[in-house]
Amino acid sequence: MAGSGDSRQETRSRTAEEGKSTQPVQIRYGIHRLEARVAGKTVGEIRKLLQQPLNLDPRVIALLNHRQVTDQTVLRAGDQLEFVRLAGVKGG
Amino acid sequence: MSNSFQDLSPAFEEIRKIPAMPLERFLRILVIGLGGVGTALLPHLCRYLVYSGTGGRIPLLLVDGDDFENRNRERQDFRALGNKANIKAREMRQLFPELSIRSIPELIVPENVDFYIEERSLIFLAVDNHASRRLLSQRCRMLSSTVLISGGNEWSDGNVQIYVRWDGEDLTSPITRFHPEIEAATDLSAVLSCDEAARTGEPQLLFTNLTVAAHMLNTLYAVTTGGLAYEELYFDIVPGTSVAIDRRQ
């Protein structure tokens, strides 16, 4: 009986893992937020993809799960990627 | 069928609020920069200080080295010509005699920043250049306790950042931490004022200035009442969107 209990537990955790692996990457840039299934791509590839549609400034830094990363970093399912929009200069 | 609680889990992430920094903790409040944003937030800040019950006892310092000229009228409300800090201080004293308001008709530069920015200052930074933002950020990082609320904008969009440092501990990130464009801005002498920038084809929109000012005041309310859970806020007035960002680890 103990064996069948373990098997149920295994099934549950496998399902959770499977769910996790299909999670999209959350991407933010200023007011923009989107989710995309881009696990396996690099930060630099996403930067290129978004450069035109979001008018992404090439100088912005990338944060992956709140830590600064290089463009070579590979994304994983469920990651949170932020390109930090440049601060507004004016106001005076 | 999916588990609805799992689906909603991001909404239930722990919201980590910064402990309240009530106004009583501050020894002075500064508004640095009295252009489109600074003049928009100032009367509302004064009214809030008077009627919040405690703010009226805290000295309010208005800082700007520029003069108001007639061509500033499209975005700025002044009743006389002359130095912006002096004129606004006079106007606010008439409207709010309960407040102790002083003017500092100077630009903040490396030579005077230590003198004017002291411990337990609450600073509204509404300037028009990153070199000044960098200077103020550096100074605040050297102090033990201070709160810096900095706003900036482009044509229809902008951002507000808040740096809270208390008892020697950074409770939010310094405003240069994720902004290399501010960190790299070192040359105050190369700064074009917004008035000069407007003349050279970089105009600003009054409504965007007002939105920066409103968000700076909202941030004040959040940090003084214990509701602050972000360190930067972005907005764009055209789609009507504001997004608050928390980058704390």
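Leaving aside its neighbours within four places in sequence, which residues is B:Val63 in contact with? The list is B:Leu30, B:Val31, B:Ile32, B:Ala85, B:Ile104, B:Glu106, B:Ile108 and B:Tyr116, where contact asks for C-beta atoms, placed from the backbone, within 7 Å. The model behind this is predicted, so local features need pLDDT of at least 70 and side-chain atom pairs count only at pLDDT 80 or more, while totals for chains, interfaces and linings use all residues. Residues are numbered from 1 along each chain as its sequence is written, with chains lettered from A and ligands numbered from 1 in the order in which they are written.

B:Val63 itself sits in strand E2 of chain B, residues 60–63. Helices (H or I, at least four residues) and strands (E, at least two) are DSSP runs, numbered from the N terminus. B:Val63 counts as buried because it has 27 C-beta neighbours inside 10 Å; the cut-offs are 20 or more other C-beta atoms within 10 Å for buried, 12 or fewer for exposed, and partly exposed in between, again with C-beta atoms placed from the backbone. Some 86 residues along the chain separate B:Val63 from B:Ile149, and their C-alpha atoms are 15 Å apart.

B:Ile149 leads on to the core. The largest nonpolar core holds 58 residues, and B:Ile32, B:Leu62, B:Ile123, B:Phe124 and B:Ile149 touch the most other members. A core here is a set of buried Ala, Val, Leu, Ile, Met, Phe, Trp, Tyr and Cys residues joined through C-beta atoms within 7 Å. Helix H2 of chain B gives the most to this core, seven residues. A second, separate core has eleven residues, including A:Val25, A:Ile27, A:Tyr29 and A:Phe83. In soluble globular proteins, nonpolar side chains tend to be buried together. Beyond its neighbours within four places in sequence, B:Ile149 is in contact with B:Ile123, B:Phe124, B:Leu125, B:Val160, B:Ile162, B:Met216, B:Thr219 and B:Leu220.

Strand E6 of chain B, residues 121–125, is largely enclosed by the rest of the structure, because five of its five residues are buried. B:Ser121, B:Ile123 and B:Leu125 point one way and B:Leu122 and B:Phe124 the other, and all are buried. E6(B) pairs in the parallel sense with strand E1 of chain B (residues 28–32) over five bridges, pairing being a matter of at least two DSSP bridges between two strands. B:Val31 stands opposite B:Phe124 there. E6(B) also pairs with E7(B), again in the parallel sense and over five bridges, and B:Ser121 has B:Thr146 as its bridge partner in E7(B).

Back to H2(B): its 16 residues reach 24 Å from first C-alpha to last, close to the 22 Å expected at 1.5 Å a residue, the expected span being 1.5 Å times one less than the number of residues. H2(B) bends by about 30 degrees at B:Leu42, with a proline, B:Pro43, following within four residues; the bend is the angle between axes fitted to the seven residues ending at a position and the seven starting there. Among the buried residues of H2(B) are B:Gly36, B:Leu42, B:Leu45, B:Cys46 and B:Leu49.

Chain A has two helices and five strands, in the order α-β-β-α-β-β-β from the N terminus on. Of its 92 residues, 21% count as buried. Strand E1 of chain A, residues 25–29, has A:Val25, A:Ile27 and A:Tyr29 on a covered face and A:Gln26 and A:Arg28 on an uncovered one. Five bridges join E1(A) to strand E2 of chain A (residues 32–36), running antiparallel, and the two form a hairpin with two residues between them, where A:Gly30 in the turn has a positive phi of about 60 degrees. On the parallel side, four bridges join E1(A) to strand E5 of chain A, residues 80–83.

As for the interface, 34 residues of chain B are in contact with 15 residues of chain A. The chain B side has twelve nonpolar, 17 polar and five charged residues, with Ala, Val, Leu, Ile, Met, Phe, Trp, Tyr, Cys and Pro counted as nonpolar, Asp, Glu, Lys and Arg as charged, and the others, Gly among them, as polar.

Key. Two residues are in contact if their C-beta atoms, placed from the backbone, lie within 7 Å.
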